[in-house]
Amino acid sequence: MEPTPIDKLRLHYDSLSLRPLVFWPTFIVLMMAVAFSMIDLERFLQITRSLNDMILERFGWLFSYGSFFLVLLTIAAYLSPLGRVVIGGAGATPLLSKPRWFFITLCTTLAVGILFWTTSEPIYHLNAPPVSKDILPGTEGAAAFSLAAMFLHWSFTPYAIYTIPSLTFALAFYNRRLPFSISSSLRPVFGHWVDGKTADFIDTLALSALVTGMASSLSTGALSLIGGAGEVIDVDITPLSLGIAISLIVATFVWSAASGLHRGIAKLSSLNAVLLLFLGVFVAALGPTLYILTSSATGLATYASTFLEMSLFTGSISGDDWPLQWSVFYWAVWFAWAPVSALFLGRLGRGYSVREYIRINFLYPSLFAVIWISIFSGTAIHMDMSVPGSLNTALQELGPGKMLYAVFSNFPYSILTVPLLVFIAFISFVTAADSNTDAIGKLCAQGVTAESEEKTGLGAKIVWGAMIGIVSWTMVSFAGVDGIRMLSNLGGIAAVTIVLASSITLLKWLKNPRLLD
């Protein structure tokens with residue numbers, strides 16, 4: 001039946017109807033952070049860094065234990081009778097095919113970071129391993145440790161941090177028919193204690209961490225894109241060039257999020273996945289193939305044999321600050337982004353079993369990450385060890401944002417591959433942002449249910465996309481991004497509490513899957 005003009009008007013109104021206690025507090029926090037950094041940047045950085053350091057030092061154990069627990073819980077859920085439960089019930093129809101679902105999941109989570117950091121982070125570990133581990137920098141032992149650290153930071157553990165809250169939300173949203181809210185994952189255990197304004201407060205905490213994180217990510221993304229473009233054309237990093245780059249990214253991801261799941265998000269994610277696959281095959285074929293194969297085997301063996309030790313390594317006994325700078329810092333970042341990202345990822349699981357959900361969101365992306373790290377990190381380590389310290393020198397001089405381009409400058413056809421890298425980086429930033437923008441829009445909209453229209457929350461998507469773009473340009477052009485990045489990471493302590501609390505709900509359902517019937 002064709003909707004009447006009144007129905008269309010009501011749908012348009014619903015897309016603009018906001019949850020004021022979620023939208024406005026987050027908006028005000030973001031504006032206050034920008035204003036503070038513009039007025040007194042040094043003081044702002046001092047406060048955010050000291051708070052960030054305090055949280056990592058005092059709660060590093062919680063991030064480490066929590067992330068390790070989520071890996072175990074993911075495996076338990078997969079092997080348990082809960083694995084047979086269908087998200088949405090036995091008659092639920094899938095939103096997406098499995099390939100498209102996997103592509104979107106891959107691009108939503110770690111695709112941007114894994115593109116840039118897999119050529120720069122291993123060089124840090126190769127030349128500055130933990131002092132408490134008695135590993136000589138620049139040696140084969142350091143290379144094996146470097147790859148093992150990369151596998152730890154970018155494969156199974158971070159995907160477990162995303163998988164558990166998103167799976168819990170999917171079951172709460174579709175099987176229990178609870179609202180589109182982070183608190184829905186807590187309600188089966190905590191009941192009325194997480195209703196009403198408490199639910200709004202929980203959503204606000206998580207949303208604040210995500211939007212500040214997106215603003216800092218967009219800022220560094222614009223710097224990386226212009227840095228890459230500078231390899232091909234004569235362009236300097238100026239407020240104008242940054243504004244153009246940020247505007248292009250924001251316009252594209254807002255369009256993608258506004259177009260809906262099947263049109264914008266799915267198509268761009270599929271394109272991004274294909275381009276990433278091509279890039280990986282190119283490097284594996286023309287790079288140090290034999291070294292990639294042999295070093296990855298050694299790195300995987302080191303990762304497997306030290307997984308428990310590295311997962312729980314906080315440096316508190318030895319006084320080594322390596323875990324706080326790397327592992328614990330990463331866990332805080334993944335936890336900070338997980339609650340809101342879980343809303344988007346969980347919504348995609350309708351019509352599939354829990355076991356299928358874990359394969360798409362945990363197993364397959366982790367295996368992709370292992371292969372990607374083996375290729376790109378192995379190549380970077382080989383280059384740095386072949387000409388001792390060459391990439392490390394470039395890293396210190398150029399920064400991590402330009403390392404990928406520095407690596408590719410050593411490959412044939414760089415005149416073609418570097419422009420392609422810039423485009424892939426652009427698409428990767430867009431596909432990471434459009435899915436989170438979609439979740440933000442729905443989280444800020446009132447009355448979102450499992451039956452809601454795809455474009456629900458359209459107004460909030462546009463507003464937040466524009467605001468994140470403006471904040472990113474202001475910060476990166478005039479104030480720097482370190483402060484707002486630290487502000488995002490501060491959300492990690494609230495987020496780890498939310499995620500671990502939601503895991504109690506999953507444990508309840510794991511014990512008695514019939515509660516989801």
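In this predicted model, the structure holds 35 aromatic pairs. Trp24 and Phe27 form one of them: their ring centres are 5.5 Å apart and their planes meet at 80 degrees, so the pair is edge-to-face, the angle being over 60 degrees. Both residues belong to helix α2 (residues 20–39), where they are 3 residues apart, about one turn of the helix. Trp24 has a relative accessible area of 44% and is therefore partly exposed.

Phe68 and Phe307 make another pair, with centres 5.9 Å apart and planes at 45 degrees, so this pair is tilted. Because Phe68 sits in helix α3 (residues 41–79) and Phe307 in helix α12 (residues 289–311), the pair ties together parts that are 239 residues apart in sequence. Phe68 and Phe307 are both buried.

Ring pairs also build a cluster, whose members are Phe278, Phe282, Phe368, Trp372, Phe376, Phe408 and Phe411.

The charged end of Lys133 lies over the ring of Phe313, 4.2 Å from its centre. For Arg355, the charged end sits over the ring of Tyr78, and the distance to the ring centre is 5.7 Å.

Phe307 leads on to Leu152, as Leu152 touches Phe307. Leu152 is located in helix α6 (residues 140–154). Its relative accessibility is 1%, so Leu152 counts as buried, the limit being under 20%. Setting aside residues up to four places away in sequence, the contacts of Leu152 also include Tyr303, Met310 and Trp331. Between Leu152 and Asp53 the C-alpha to C-alpha distance is 22 Å, with a sequence separation of 99 residues.

Definitions and conventions:
Residues numbered from 1 in each chain as written. Predicted model: local features only at pLDDT ≥ 70, side-chain atom pairs only at ≥ 80, totals over all residues. Heavy atoms only, no water. Helix = DSSP H or I, 4+ residues; strand = E, 2+ residues; numbered from the N terminus. Buried < 20%, exposed > 50% of the residue type's maximum accessible area, 1.4 Å probe, protein only. Contact = heavy atoms within 4.5 Å. Phe/Tyr/Trp six-rings, centres within 6.5 Å; stacked < 30°, edge-to-face > 60°. Lys NZ or Arg CZ within 6 Å of the ring centre and 35° of its normal.
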